[in-house]
Amino acid sequence: MGIEDKLPSGVLLTTVEGLSGYMRKASFWPATFGLACCAIEMMTSGGPKYDLARFGMEVFRASPRQADLMIVAGRVSQKMAPVLRQIYDQMPDPKWVLAMGVCASSGGMFNNYAIVQGVDHVVPVDMYLPGCPPRPEMLIDAILKLHDQVQHTKLGANRRVEIEQLETAALTATPTSDMRGLLR
């Protein structure tokens, strides 16, 4: 009656890469970095109405050493940028970053010296989520799209090369030289 009846001789073949991609996408442990109003929408998505537990993300980790997804929700100030980078560096590989809201993506309406004009100047971003603030449904949709991206990510050094390319692009796009110390 189950899947074992449909398989020839009860054998299922797959690749290690396909299986690990499926496991990684089904077990995201997010580290929250809620800085402004987007954080309220992020907390709402974890509540009973939207229920992120359906996707294996029921516990937002307080320790970066236990997380593999950083959700940056809100505006990042120049003073907060080194802290954000430190938390990102403490996360184990492989790790992903989701920039939630227009402030995290591009600085939003805060076009001044105190706000980082996009979190991609500090850490490499894998998924951008627009909106001011984006609704919980939008966050869940972005997480599902990130799941697809993670499932098809190759194992090994390819992820490290991709991160280095993203960091190099962020470094060359940074308008101020004082942010160069954040990226290694």
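Author: Let's begin with a term: a residue is buried under 20% relative accessible area, exposed over 50%, and partly exposed in between. Keep in mind that this is a predicted model. Take Asp89: its relative accessible area is 28%, so Asp89 is partly exposed.

Reader: Okay. Which residue forms a salt bridge with Asp89?

Author: That's Arg85, with the closest N and O atoms 3.2 Å apart. Arg85 has a relative accessible area of 6%, so Arg85 is buried. Both sit in helix H4 (residues 81-90), and because they are four residues apart there, about one helical turn separates them.

Reader: How many salt bridges does the structure hold?

Author: Five. Another one is between the side chains of Arg135 and Glu41, at 3.4 Å from N to O. Arg135 lies in the loop between E4 and H6 while Glu41 is in helix H3, so this pair ties together parts that are 94 residues apart in sequence.

Reader: Is Glu41 buried or exposed?

Author: Buried, since its relative accessibility is 15%. Arg135, on the other hand, is partly exposed at 40%. Leaving aside neighbours within four places in sequence, Glu41 is in contact with Met100, Pro133, Pro134, Arg135 and Pro136.

Reader: What other residue does Arg135 meet in a salt bridge?

Author: Glu137, at 3.5 Å from N to O. Glu137 is partly exposed, with a relative accessible area of 40%. Salt bridges with shared partners therefore join Glu41, Arg135 and Glu137 into one network.

Reader: Now the sheet. In what order do the strands come?

Author: To read a sheet, you go across from strand to strand and ask which way each pair runs. Here four strands form an open sheet in the order E1-E2-E3-E4, and the pairing is parallel. Strand E1 (30-34) and E4 are the edges, as each pairs on one side only. Ignoring direction, neighbouring strands are turned by 15 degrees against each other on average.

Reader: How many bridges join E1 to E2?

Author: Five, with the two strands running parallel. To see one, find Gly34: its bridge partner in E2 is Ala73. E2 and E3 also pair in the parallel sense, over five bridges. There you can look for Leu69, which stands opposite Trp96 in E3.

Reader: And which helix packs on the sheet, touching E1, E2 and E3?

Author: That's H3, whose direction makes about 135 degrees with that of E2.

Reader: How do I read the two faces of a strand?

Author: In a regular strand the side chains alternate between the two faces of the sheet.

Reader: What about a helix? Which residues of H2 are buried?

Author: With a helix, you ask where around the axis the buried residues point. In helix H2 (residues 16-25), Ser20, Gly21, Arg24 and Lys25 are buried. They cover an arc of only 130 degrees around the axis, which puts them on the same side of H2. What covers the buried residues of H2 includes E3 and H6.

Reader: Last one: in the largest nonpolar core, which residues touch the most other members?

Author: The largest one here has 22 residues, and Phe28, Met42, Leu69, Leu98, Met100, Leu139 and Leu146 touch the most other members. Helix H3 (38-45), strand E2 (69-73), strand E3 (96-100), strand E4 (127-129) and helix H6 (136-151) each supply at least two of its residues. The largest share, six residues, comes from H6.

Reader: Can you show me one of those residues up close?

Author: Go back to Leu69. Not counting residues up to four places away in sequence, Leu69 touches Phe28, Trp29, Pro30, Ala31, Met57, Met91, Trp96, Val97, Leu98 and Leu146. There is also a second, separate core of 16 residues, including Phe33, Val76, Val97 and Val122.

Conventions
Residues numbered from 1 in each chain as written. Predicted model: local features only at pLDDT ≥ 70, side-chain atom pairs only at ≥ 80, totals over all residues. Heavy atoms only, no water. Core = buried A, V, L, I, M, F, W, Y, C linked by side-chain atoms within 4.5 Å. Buried < 20%, exposed > 50% of the residue type's maximum accessible area, 1.4 Å probe, protein only. Contact = heavy atoms within 4.5 Å. Pairing = 2+ DSSP bridges. Axes fitted to C-alpha atoms, helices over the stretch in contact; angles between N-to-C directions. Arc of directions from axis to C-beta. Salt bridge = Lys/Arg side-chain N within 4 Å of Asp/Glu carboxyl O.
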